[in-house]
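Here is a walk through one structure, written for someone meeting it for the first time. Please keep the model in view while reading.

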Amino acid sequence: MSLEAFNNRNVAEGDYFLVAIEEYPTTGWDKFKRVVKRTFKGELFVGLWVVLREMIRFDIHTVQYPQEKMPIGPRYRAVHQMKRLWESNTERCIGCGLCEKICISDCIRMDTKIDENSRKEVTEYTINLGRCIFCGYCAEVCPELAITHSGEYENASEQREHFIIYEDMLTPIDKMKAGKQLEFEGFGAITPHEDERVKKTPLAY
Amino acid sequence: MDSAYLIETIIKVVVILLIFSALAGIGTYFERKILAFMQRRLGPMNVGPYGLLQVAADGIKLFTKEDIIPTNVVTPIFKIAPVITAATAFMAAAAIPFLPPFEVFGYEVHPIVADVNIGILYVLGMMAVGFYGPLLGGMASANKFSLLSAARTAAVFISYEVVTGLSLLAPIMMVGSLSLIDFNEYQAGGIGDWIVWSQPVAFILFWISAFAETGRTPFHLIANDHEIIDGFGTEYSGMRWGLFFIGEYANMFFISFVIPLIFLGGYGDGSLFGALGLLGKMSFFFFFFLWTRAAWPDVRPDQLMWLCWKILMPIAVINVVITGFVMMF
């Protein structure tokens, strides 16, 4: 079924029809006739057959969760990840503060300073996942694709503080060196075939 | 009374108690599984293979929970009410022949605790006394929902006692005895002799009122979860609540034995095939209790009363009258 069928809110056209509702019986004889009709129509057995059919068909829809998991979409927005640069294995975050600025639930907090190479360095970066509403604005606004969402949705812990540590979100250095950092293709990532769509900046005029 | 008879009776009582207490537990497992399959779920799966040990887990939970007596309840009545339900359910089993007589080491065993000559009357009477459990429990609970449930219990049980008794009157007139064994002997000749062929109306009426007697789904309004929470069981916890549960499931099993014994030939001629046949028929009726729970909605109390007094009772009376005329001429 296509989506148009649901998007069309015009009730006057399409497959909508009025359900035939019988007149409510008023006289005793009519009521009696309705009782007899309902008694011998066998509607109860229709219900019995439906559930028995489903039992015989045995088309079970249960997902036994801890053992089985539903696939999640690539654009699923779960716990954040901080990425590293492929070239130098250092953090991608340039401390621009855009994510902190755009965050609508005020859960990102960062501190920066100018280091000895007069580059901006991030000294403190926390995301309070207790407040985060996983809207994805931070990943979308990040100019370096440094902060992205991951598909990791099983985040239970003893303490809420476990959810705000920058080091936990950052790709581990050994995993980075093994070249196993996953580039997240979901929310905020560059769309595929972006290279072909890039045009030269028209500097001629 | 010789001691051999006494020992035999005690053994039979213990065996029936043990088997049906266990069956009541396993009945909950079957119910959860069958309901789940009918609703495209899996039901209990994690405790033991295919969730089979769920019964044991539930049992341990019920036995080890704190026995809470809330304030403001009438303590002695509150405590005794679940015992009434469970005890009367098992007492009703005394007059039910579960299997044909068989021989163990040359000793003939009759799998019935007491073949009293008023068997059916005793069984129905005991099941009727069982209604004091929900009634007293609901009234003693100091809870409005429990009180509503108690009122409904009284209404439902008393109304459907009428239908049960009147619908059974016609078969009793035909057989001329109240003993379930005599009923079985009457139908021992095979399928053609079953009372259901000569008394189909009584069979259906008794079947319908069996749902009211056990409080199962179309007539589950004495403990309807969605309107009166758990009815009489709201204030109960732990094993006292478990006793209500055991009573309900034991009742389901016993009534599933009684229906085939009265109408569907029971264990027939007493052969192994007949015994298996009785168990099969019992299983079908038990399955039907679960089946309707998956398929049918509950009725309102006023609809239930309407059905009982305006439809079922007149039909039962007419059935008795017609049977009487047919037997007379």
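A nonpolar core is a set of buried Ala, Val, Leu, Ile, Met, Phe, Trp, Tyr and Cys residues joined through C-beta atoms within 7 Å. The model described here is a predicted one.

The largest nonpolar core holds 91 residues. The members that touch the most others in this core are B:Ile96, B:Val123, B:Ala250, B:Phe254, B:Val258 and B:Ile259. Helix H11 of chain B, residues 238–263, supplies the largest share of the core, with 17 residues. Leaving aside residues up to four places away in sequence, B:Val258 touches both B:Ile96 and B:Val123.

Next comes chain B as a whole. Chain B contains 13 helices and 2 strands. Its radius of gyration is 20 Å, close to the 20 Å that the globule rule gives for 329 residues, so chain B is as compact as a globular protein of that length. The C-alpha trace of chain B spans about 60 × 55 × 45 Å along its principal axes. Of the 329 residues in chain B, 44% count as buried. Contacts can also be sorted by separation in sequence: among those in chain B between residues at least 6 apart, 78% join residues at least 24 apart.

One pair of helices in chain B shows how such elements meet. The axes of helix H9 (residues 200–214) and helix H13 (residues 301–328) of chain B come within 10 Å and cross at roughly 145 degrees. The crossing of H9(B) and H13(B) is left-handed. On the side of H9(B), the contact is made by B:Val201, B:Ala202, B:Leu205 and B:Ile208. H13(B) contributes B:Leu312, B:Ile315, B:Ala316 and B:Asn319. Sorted by class, the contact of H9(B) with H13(B) has 7 nonpolar residues, 1 polar residue and no charged ones.

The last topic is the meeting of the two chains. Their contact takes 10 residues from chain B and 14 residues from chain A. On the side of chain B that touches chain A, the elements giving two or more residues are helix H1 (3–38) and helix H12 (272–295) of chain B. H12(B) gives the most to this side, with 3 residues. By class, the residues on the side of chain B that touches chain A divide into 8 nonpolar, no polar and 2 charged.

Note on methods: Residues are numbered from 1 along each chain as its sequence is written. Chains are lettered from A and ligands numbered from 1 in the order in which they are written. This is a predicted model: local features need pLDDT of at least 70, side-chain atom pairs count only at pLDDT 80 or more; totals for chains, interfaces and linings use all residues. A residue is buried if 20 or more other C-beta atoms lie within 10 Å of its own, exposed if 12 or fewer, and partly exposed in between; C-beta atoms are placed from the backbone. Helices (H or I, at least four residues) and strands (E, at least two) are DSSP runs, numbered from the N terminus. Two residues are in contact if their C-beta atoms, placed from the backbone, lie within 7 Å. Axes are lines fitted to C-alpha atoms, for helices over the stretch in contact, and angles run from 0 to 180 degrees between N-to-C directions. A crossing is left-handed if the near helix is turned anticlockwise from the far one by less than a right angle, and right-handed if clockwise. Ala, Val, Leu, Ile, Met, Phe, Trp, Tyr, Cys and Pro count as nonpolar, Asp, Glu, Lys and Arg as charged, and the others, Gly among them, as polar. The radius of gyration is taken over C-alpha atoms; the globule rule is 2.2 Å times the number of residues to the power 0.38.
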